[in-house]
Amino acid sequence: MPSRRPLRIDADFHLPQAEVGDLLPFLDEYWQMQVVDRELPSMPFRLTSYPANAPLTRNPDFEGLDVPAALDRFGTGIAIASMLHGVVALHNPDMRAALLSAVNDYVAAAWLDAEPRLRGSIYVSGEDPAASVAEIERLSGDRRFVQVLMLAMQEIHHGNRHYWPIYEACQKHGLTLAIHAGGLYRIPPSVSGWPSYQFEDYVMQSMAFENILTGFLGEGVFQKFPDLRVVFLESGFAWLPTTIWRNDKTWRGVRQEVPWLDRKPSEIMAGRVFLSLQPVDPPGAEELRQILKHIGSTDMLLYSTDYPHRQFTGGEPLPTGLPEEALPGILAGNALKAYPRLAADPAVRQAAEAMEETT
Amino acid sequence: MTRHVVASVDGFPDKGIRRIEVAGREICLIRVGDEFFALLDRCPHAGARLSGGRLSGTVESDGPGDYRLCRKAEMLKCPWHGWEYDVRTGQSWSDPKSTRTRAYAVEAVAGGELVKGPYVADIVPVEVEDEYVVVDLPEPAARRADASTKE
């Protein structure tokens, strides 16, 4: 039941990664045999973005908190959860598809069934759009899945037509397309080559999102799929002003090349692109206010904790400097626009209405 | 207003752009088919000579990968920053959808209905008399006395 606090929808909440052995009940006999005979349960299959002991990986404020306790901690009404599993980076397209399906089914059985505050992500690979579309179709009937999740760094740019069948399936089923920081680690996280240190890798994640946004705009994804909503997770947002300005300015001069951009890119992305609040890069309240002034709106920001990762210190993921009047939108209202399935979810609607009564 | 003969029709090629000095003013003269257009030769954005630009059209699209070239050679593209000016009105365009309306209603469309670019190039009245292109220029205040004595 909603508390007297305003409803909080956490757009970026991570479930602990399942061991490969945990996925066995969700594989067919052939893949069970393959996984066992090839001793895959001994493989960690972990993405390298969050090495276990790196300072970013563990937020001391979450220490000792399991999933329900972490939800309680911040009064989370709804958390859009993801399990960023390394099986997405497998080369074998059939094994990858089988294990991704197993991850998604595991999430539904182990987490969504057990915790009513959680909503799920259909985790797919961009490498094989046909397999990803099949997975979306397979799970689309389960309304607890509210988004399709891909990683930020892939072999082909996200705007490319290669992925459009995935985007079409998202649009068809009212599923939001989420892009989460991270990559396959066989292509450089930087467009200018391989870095040497994890420090570089992590900083470069937000730059990948700048590329992705420009690609979505230029390639016409928002025009081709007029109902598609896109959410950037763990992208940061302080880079938005310069990227938007650069898009708008350049478009004015070269729009004959991309005539489907029938108005400024900044206008096309409004209401279509949303970004998770954490990590907040501006160092203080005044800098944050300046950035928001340059962006011109807070309508694209989605409250997030990035549990269990360390993006903030202390007991409040909301940074100081957010305008008071923007909080209901950031905490929940914007998410209802970003996620058609949440807006149509009776439990969420009830909680949102309770929020309106108390504010 | 003073009328000036600035070119002969015969010597002016189709889709030609010429910079012409007349009565101390720099004019960008353009021919598109049988029509002539004249703009002051100064881009209102940053001052470039528009006569150094090129004629282009507008491109319409129903979506990614779809291209339709419209209003061929009726837009003058500034050589510096690519701002495009409608040779008929001097209006800059930043919203190609607006030109769809304009293509069929050049004279009749009220300015307030359109999403226009921020700049307007000064247009100069131009007409063809017999075999000559004639522009109609207001006289600059400083030159008026001088010019009237010559006439």
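**Close-up views of a two-chain model**

**View 1. Where chain B meets chain A.** In the contact between the two chains, 13 residues come from chain B and 13 residues from chain A; two residues count as touching if their C-beta atoms, placed from the backbone, lie within 7 Å. On the chain B side, β5 (54-60) and α1 (96-102) each bring in at least two residues. That side has four nonpolar, five polar and four charged residues. Here Ala, Val, Leu, Ile, Met, Phe, Trp, Tyr, Cys and Pro count as nonpolar, Asp, Glu, Lys and Arg as charged, and the others, Gly among them, as polar. Helices (H or I, at least four residues) and strands (E, at least two) are DSSP runs, numbered from the N terminus.

A quick note for all the views: this is a predicted model, so local features need pLDDT of at least 70 and side-chain atom pairs count only at pLDDT 80 or more, while totals for chains, interfaces and linings use all residues. Residues are numbered from 1 along each chain as its sequence is written, and chains are lettered from A and ligands numbered from 1 in the order in which they are written.

**View 2. The sheet of chain A.** Eight strands make an open sheet in the order β1-β2-β3-β4-β5-β6-β7-β8 (chain A), with parallel pairing. Two strands pair if DSSP finds at least two bridges between them. At the edges sit β1 (9-14) and β8 (301-302) of chain A, each pairing on one side only. Four bridges link β1(A) to β2 (residues 78-82) of chain A, and here A:H14 stands opposite A:S82. Helix α6 (residues 198-218) of chain A lies across β4 (145-153), β5 (176-183), β6 (230-233) and β7 (273-276) of chain A, at about 110° to β4(A). For that angle, axes are lines fitted to C-alpha atoms, for helices over the stretch in contact, and angles run from 0 to 180 degrees between N-to-C directions.

**View 3. Strand β7 of chain A and its neighbours.** A residue is buried if 20 or more other C-beta atoms lie within 10 Å of its own, exposed if 12 or fewer, and partly exposed in between; the C-beta atoms are placed from the backbone. Three bridges join β6(A) to β7(A) in parallel, with A:V230 partnered by A:V273. Towards β8(A) there are two bridges, again parallel, and A:L275 stands opposite A:L301. The chain gets from β7(A) to β8(A) through helix α10 (residues 285-295) of chain A, in a right-handed β-α-β crossover. Right-handed means that, with the strands pointing away from the viewer, the path from the first strand over the helix to the second runs clockwise.

**View 4. Two nonpolar cores.** A nonpolar core is a set of buried Ala, Val, Leu, Ile, Met, Phe, Trp, Tyr and Cys residues joined through C-beta atoms within 7 Å. Of the 95 residues in the largest one, A:I9, A:I122, A:V148, A:V231 and A:L302 touch the most other members. Strand β4(A) gives this core its largest share, eight residues. Leaving out residues up to four places away in sequence, A:I122 touches A:N104, A:E135, A:I136, A:L139, A:F145, A:V148, A:L149 and A:L175. A second, separate core has 25 residues, including B:I27, B:L76, B:W83 and B:V133.

View 5. Most residues other than glycine have a negative phi, and most peptide bonds are trans. In chain A, a cis bond joins A:Q278 and A:P279, with omega about 5°; A:P279 lies in the loop between β7 and α10. Another cis bond runs from A:Y307 to A:P308, with omega near 0°, and A:P308 is in the loop between β8 and α11 (327-338) of chain A. A:Y185 has a phi near 60°, sits in the loop between β5 and α6 of chain A, and counts as partly exposed because it has 15 C-beta neighbours inside 10 Å. B:K15 has a positive phi of about 65°, in the loop between β1 (2-8) and β2 (17-22) of chain B. With 12 C-beta neighbours inside 10 Å, B:K15 counts as exposed.
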